[in-house]
Amino acid sequence: MSEPKPTKRQPLYSDADKDNLRWFWRNYLRKHSGKLLIVLGLILVQGLVYQQFLAMTESGLRVIFEAGAMRDLIMVCIVVFLLFTVRGIVSFLAPMITVKISNQAIYEMRRDLIGHLMSLDLAYFERTKSGEIIQKLVTQTQQIGVFVGLGVANAIRDAVTVIVVSGYLIWKNPLLFASAVVVLPFIIVVMNFVSDRVKKGQAEAEQALGNYMNGIEETVNGMRTVKIASQEEVEKERLFTGTKSLRHLMNRVQITQALVLPSIDLSSAFVYVLVIGGGGYMVLSPNFDVDGAAIITFLLGMVMVFDPARLLAQFFGALQSNLVLLDRVRALYAETPSINDAPEAKAEFDTKGDITLRNITFSYDPEQPLFDGLNMSFKGGHVSAIVGATGSGKTTILSLLSRLYDVQSGEITFGDTPVRDLQVARLRGAFSVVAQDIVIFNASIWDNIRYVNPDATDEDIWQAAENAEIADLVRRRGDTPVGPKGAQLSGGQKQRIAIARAFLRDAPILLLDEATSALDQATEERIKKALDRLTKDKTTIVVAHRLSSIAHADSIFVLESGQLVEQGKHEDLLAQKGLYAQLYQAQKKGYDEK
Ligand SMILES: Nc1ncnc2c1ncn2[C@@H]1O[C@H](COP(=O)(O)OP(=O)(O)OP(=O)(O)O)[C@@H](O)[C@H]1O
């Protein structure tokens, strides 16, 4: 499951490809073995129909050439018609089964991929382009499914036809058939060339498509910034470049694939000439016991072989593309979550105990350590605040507590229990969070609030909405969705939804990261009173830039570049005349001057 290296020649069927095919068979097809055997039986019937058709044609021609009975000719016609009726019915039944199997396989593959995706760490989503994820879950799985459902089934049908009809022709006239095989090496060389180029081209095209989809997502989501900065032309150009490169790559893949048919046609023309010439000679020569009916039937048989052979050759070109897609889809499983439940992880813990960070080290990027030996303790049931300059690591501390990331060394404990000994879902279930990046779904405000507690009663939801001062808006907007990512709401309205969620969830530990920063002072004052009730007896950690809003905290931690530089109550910190006092005075001065 390696990333493609377009410049290096790769084997057509690498070990990874074989492994991917086995994986696909084991997980999504093997369970349908019984039905697949039925399909195989139906396909065999299709092949046999062709063989019988040839035999009947030869008999019919002989009746004509040898001026036989009319009755025999009519019989031949009826049998031929019946044979093709059988083939028609079977040709419908086989794909009907395979299409169902393949759609089931797509469904299961997507279900598994979504399940795995949900288990991955936040860090994966922060480094992976969303276009790449959408591509795996939407287009690549779909293409693989269609290929398996129709492509593979048709290819087996074609292969069976080629084998059965060729077998019949060999039996009828081995010498003539042997002369037709001379074109085989030419076809093999062309197919190898095509397959190799298709594989490389497809890998590059998938990469380009991922980038293009990601570009669209970024542009659409960032439309406000694009418009304000008048960057429409730049974005247009960026997307044009993406589609241009796709056009170039798809041209390369599809034109290469188009080489297959003319090569087969050229070969077949060559073979037909050989059969007409060689077969004609056999009829005319007294050394061979071959009549005109046999040669015409043989020629018809060759036509019937070449048609499925063309399709088979096309199939091998498409197979290379699909092997690339399968590799891309399966690559998601190479990503594994690192934040898991430890064996025998505990479901229960003291949610009211102190939360302690002991000598922790953490960095997002090994080049830039953020915390190195940080110690902090948040008192259970009390309100603590973290303050400090932007980028000093306040939000990161909150993320570490709920294990969105794991510390690299040191330990975080809840009461006496190390955080790694807790079940992740239980740990996170103990938090209500109002984060800086509020996620709003394109649903009604009501549904957005209920998201954090789907079992809540209507009464609870109204109460939460009242507490967060958003109930009026809920009444006014009713069921109207709020637009993608809450685009129809103001920053303060989104923040009040997040606060309403915290009220509704009512978990024992509360994390408020700049929770009221977008509110006007009057609304903030009203929400503060409700929040004071909410935080009662809960362990609350507040991150705020506006120091006046955290002055009442039981304990204030002052961070500077990932280090704890001061700690204490508001009055004590002011008396210390350190960083906190400086920040506070600067803010106060700012307000006084306004
Ligand atoms: N997901 C991430 N990946 C890489 N680096 C990150 C990530 N999140 C934050 N950082 C970096 O870590 C540092 C601390 O960020 P953090 O968000 O904890 O700061 P903060 O004190 O909360 O800042 P602010 O007051 O601006 O919210 C910053 O230098 C930031 O660039």
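The model is predicted.

Q: Which domains does the domain assignment give, and how many Å separate their centres?
A: The assignment gives domain 1 as residues 15–334 and domain 2 as residues 355–593. Their centres, taken over C-alpha atoms, are separated by 56 Å.

Q: How many helices and strands does the protein chain have, and what is the make-up of the stretch 64–321?
A: The protein chain has 20 helices and 10 strands. Over residues 64–321 the chain is 91% helix and 0% strand, with 49 Å between the end C-alpha atoms. UniProt lists these residues, in an unreviewed entry, as "domain: ABC transmembrane type-1".

Q: How do you know that the reach of helix α2 is close to the expected one?
A: The expected span is 1.5 Å times one less than the number of residues. Helix α2, residues 33–65, has 33 residues and reaches 48 Å from its first C-alpha to its last, close to the expected 48 Å. Helix α3 has 50 residues and reaches 74 Å, close to the 74 Å expected for it.

Q: Which helices do the buried residues of α2 and α3 pack against?
A: The buried residues of α2, among them Val 39, Tyr 50 and Phe 53, pack against α3, α5 and α11. Those of α3, including Val 76, Ala 94 and Met 109, pack against α1, α2 and α5.

Q: Why is Ser 179 called partly exposed?
A: A residue is buried with 20 or more other C-beta atoms within 10 Å, exposed with 12 or fewer, and partly exposed in between. Ser 179 has 16 C-beta neighbours inside 10 Å, and therefore counts as partly exposed. Ser 179 lies in helix α6, residues 174–180.

Q: What does Ser 179 touch beyond residues up to four places away in sequence?
A: Ser 179 touches Leu 274 and Gly 278. The C-alpha atom of Ser 179 is also separated by 7.8 Å from that of Val 271, although these two residues are 92 residues apart along the chain.

Q: What makes a set of residues a nonpolar core, and which members of the largest one touch the most others?
A: Such a core consists of buried nonpolar residues, such as Ala and Ile, joined through C-beta atoms within 7 Å. The largest has 64 residues, of which Ile 499 and Ala 500 touch the most other members. Helix α17, residues 491–505, gives the most to this core, with 7 residues. A second, separate core of 52 residues includes Ala 180, Met 213, Leu 249 and Val 271.

Q: Which residues are in contact with Ala 500, leaving aside neighbours within four places in sequence?
A: They are Ile 449, Ala 464, Ala 465, Asn 467, Ala 468 and Ile 470.

Terms used: Residues are numbered from 1 along each chain as its sequence is written. This is a predicted model: local features need pLDDT of at least 70, side-chain atom pairs count only at pLDDT 80 or more; totals for chains, interfaces and linings use all residues. Helices (H or I, at least four residues) and strands (E, at least two) are DSSP runs, numbered from the N terminus. Two residues are in contact if their C-beta atoms, placed from the backbone, lie within 7 Å. UniProt positions are given in the numbering used here, feature names are shortened, and annotations may be inferred rather than shown by experiment. Domain bounds come from an automatic or database domain assignment.
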